[in-house]
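Here is a short briefing to read with the model open beside you. Take a look at the fold first, then work through the notes below.

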Amino acid sequence: MNAFDLVVLIAYLGIMLFIGVRAMKKVKTEEDFILGGRSVSMIFVLLSIFASWTGLSGLFGTPQYVYTYGIAGAGGGSHFR
């Protein structure tokens, strides 16, 4: 890991901490945390559902492919049937 990688990593962690602290100050109740204060638009709800769906497909789909086709099934590419 060179100096540039370290700077990028520290900057990323700093940004994540900043966002977390700002969000922590806005959230007052458990309902605010879970439901976003009921002020979340439909596009964000749909994006959240899509992210969950694609994450689960990788979690369950990839191991099944590796089990069926061996380790070559994990690499992606045009060799999938």
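**Fold at a glance**

Along its sequence, the protein chain follows the pattern α-α-α. That comes to three helices and zero strands, where helices (H or I, at least four residues) and strands (E, at least two) are DSSP runs numbered from the N terminus. Please keep in mind that this is a predicted model, in which local features need pLDDT of at least 70, side-chain atom pairs count only at pLDDT 80 or more, and totals for chains, interfaces and linings use all residues. Residues are numbered from 1 along each chain as its sequence is written, and side-chain values use heavy atoms, with hydrogens and water left out.

**Confidence**

- The protein chain has a mean pLDDT of 79, and 86% of its residues reach 70 or more; pLDDT is the predictor's confidence in each residue, from 0 to 100.
- Among the elements, H1 has the highest mean pLDDT (93) and helix H2 (residues 30–35) the lowest (74).

**Helix H3**

- H3 has 28 residues and reaches 39 Å from its first C-alpha to its last, close to the expected 40 Å (1.5 Å times one less than its number of residues).
- After H3 comes Gly70, with a positive phi near 85°.

**The aromatic pair**

- A search of the whole structure finds one aromatic pair.
- Phe50 and Trp53 form this tilted pair, 6.1 Å centre to centre with 45° between the planes (rings of Phe, Tyr and Trp, its six-membered ring, pair if their centres lie within 6.5 Å; planes under 30 degrees apart count as stacked, over 60 as edge-to-face and the rest as tilted).
- The two residues are three apart in helix H3 (residues 42–69), so about one helical turn separates Phe50 and Trp53.
- Phe50 is partly exposed at 49% relative accessible area, while Trp53 is exposed at 57% (buried means under 20%, exposed over 50%, partly exposed in between, with a 1.4 Å probe and protein chains only).

**Burial**

- Of the 81 residues of the protein chain, 1% count as buried.
- Tyr12 is found in helix H1 (residues 3–26).
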